[in-house]
Amino acid sequence: MTTIRQDDFIQSIADALQYISYYHPQDFIKALYSAYQKEQSPAARDAMAQILINSRMCAEGRRPICQDTGIVTVFLKIGMEVRWDANLDVSEMVNEGVRRAYLQPDNVLRASILSDPAGKRINTKDNTPAVIHMELVAGDKVEVELAAKGGGSEAKAKFAMLNPSDSIADWVMKTVPTMGAGWCPPGILGIGIGGTAEKAMILAKQACMGSIDIQDLIVRGPGNGLEELRLELYEKVNALGIGAQGLGGLTTVLDVKILDYPTHAANKPVAMIPNCAATRHAHFVMDGSGPALLTPPKLADWPVITQAAGNARRVNIDTLSKQDVADWKPGETLLLSGTLLTGRDAAHKRIVDLLAKGESLPSGVDFTGKFIYYVGPVDPVGDEVVGPAGPTTATRMDGFTDTVLEKTGLLGMIGKAERGPAAVEAIKQHRAVYLIAVGGAAYLVSKAIRKARIVAFPDLGMEAIHEFVVEDMPVTVAVDSRGESIHNTAPKYWQARIGKILVKLE
């Protein structure tokens, strides 16, 4: 009989969450670098370069890959011969490990978990509780799989109860284009098939944690129906031309992982969960010998890539007018310097409520001729000005966009992924612009921020309004002042160029 000590288990959970916050899995780096070398779309290639550079920086500096340090999901297989030397139950031990990891002063992680989700939505301050799945199995060990899943990719999870005769491949091909780029491709698609509705979703989440091995499968060939489906979907999804960050290109997914389970004769439940460019997961086994040890990778395992400014236009955002931004084109790379303000969902709600009441915005919040950056940064440590500060999904702000542009004099917005039709129309009407920063390059972006301070709504924590002074912050024009969106045009261009999608997907 194996005895697992409480302190060992808690420490193992905490150590693993810290580890995955700054170390990408090496199979991901290898697959992304291979895709980078093959990519022909300049915008997508630059996005991949930023993700790879950011990954190496995080490994060196031991700071989060993404400002969204995720919701923790833990799968436990507990051997029936295991004895616990503990005064906390297993869930309590997991959550204590999460708490220690996210409050670790040398590498503070962003607390994103809210209690009372349908009501007051109050931040728990320590990223607890985790989502925990436990299974009793034969043996005398505890097997742990854990992940920190970002909200942007999790928001794109899909489920369908298909008819038994329906094609899974057809459903995936119709569904992936509806997910947009908010899940930060290139990444992994996890697919769960069978069981019941909730079982299929759990299978899809577990599939996301699998190793990337699609190139090995291509070489040896499929050995069963699921492997055939993996290969079919890998080729077809990449043929959609969505590309890195939705900018159009050859690689949208690095792998498609599938798990299945027996199901009812009347059903075919299918779930799909994407894992983003900040994919973070770890697997370890506890055998009673002490805390689990995760061996740090070698920096030599990362490719050395230097991002060149190339034809990027340097822009002083403190002196811009609508006339200045009128000639910016979708896909153009800019390097921004000057002062911008930040704001996410909660801040936008307060801003719009104040405007509706005819009240003034807080002192220090003047959007006239300014840009707003959709970001919730990680708290700084040491001599940092700000912690990792990558963009959040812009579509969540679409409902506020017209009002904010009309009432505040805002000139432009910076986020990630596409904007919806209403937001694009508002941008066109007000002759504004929308720019994107690369999701999955948060630490790299933070190095362009020279000064940072909170100017409004400090009670909102990471959603407070900050003032950033930036220097050469890299962005791409996504929607120009005429309402042309690269997220609409680029995938269509690359889909046609790849030439494997022969029918229009409705």
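H430 is buried, its relative accessible area being 14%, where buried means under 20% relative accessible area, exposed over 50% and partly exposed in between, computed with a 1.4 Å probe and protein chains only. The loop between helix 13 (421-429) and strand 17 (433-436) holds H430, helices (H or I, at least four residues) and strands (E, at least two) being DSSP runs numbered from the N terminus. If neighbours within four places in sequence are set aside, H430 is in contact with K322, D402, L405 and E406, contact meaning heavy atoms within 4.5 Å.

Two points on the source belong here: this is a predicted model, in which local features need pLDDT of at least 70 and side-chain atom pairs count only at pLDDT 80 or more, while totals for chains, interfaces and linings use all residues. Residues are numbered from 1 along each chain as its sequence is written, and side-chain values use heavy atoms, with hydrogens and water left out.

Another histidine, H348, is found in helix 11 (residues 345-356), and H348 counts as buried because its relative accessibility is 2%. Leaving out neighbours within four places in sequence, the contacts of H348 are G343, I372, Y374, M397, F400 and V404. N316, by contrast, is partly exposed, with a relative accessible area of 39%, and its place is in strand 13 (residues 313-316). Between the C-alpha atoms of N316 and S21, which lie 295 residues apart along the chain, the separation is 33 Å.

How many disulfides does the model contain? With a disulfide taken as a pair of cysteine sulfur atoms within 2.5 Å, the count comes to 0 disulfides. For C58, the closest cysteine sulfur is that of C66, and because the distance is 9.4 Å, the two are too far apart for a bond. C184 is likewise in no disulfide, the nearest cysteine sulfur, in C276, being 5.8 Å away. C58 has 0% relative accessibility and so counts as buried, and C184, at 4%, counts as buried too.

The helix pairs come next. The axes of helix 2 (residues 26-38) and helix 3 (residues 42-61) come within 9 Å and cross at roughly 150 degrees; axes are lines fitted to C-alpha atoms, for helices over the stretch in contact, and angles run from 0 to 180 degrees between N-to-C directions. Helix 2 is therefore roughly antiparallel to helix 3, since angles over 145 degrees count as roughly antiparallel, under 35 as roughly parallel, 65 to 115 as roughly perpendicular and the rest as oblique. In this contact, I29, L32, Y33, A35, Y36 and Q37 of helix 2 meet R45, M48, A49, I51, L52 and S55 of helix 3. These residues divide into 9 nonpolar, 2 polar and 1 charged, with Ala, Val, Leu, Ile, Met, Phe, Trp, Tyr, Cys and Pro counted as nonpolar, Asp, Glu, Lys and Arg as charged, and the others, Gly among them, as polar.

Helix 6 (residues 168-175) and helix 9 (residues 225-238) pack at an angle of about 25 degrees, with axes 11 Å apart, and are therefore roughly parallel to each other. I168, A169, V172 and M173 in helix 6 meet L229, E232, L233, K236 and V237 in helix 9, and the residues of this contact divide into 7 nonpolar, no polar and 2 charged.
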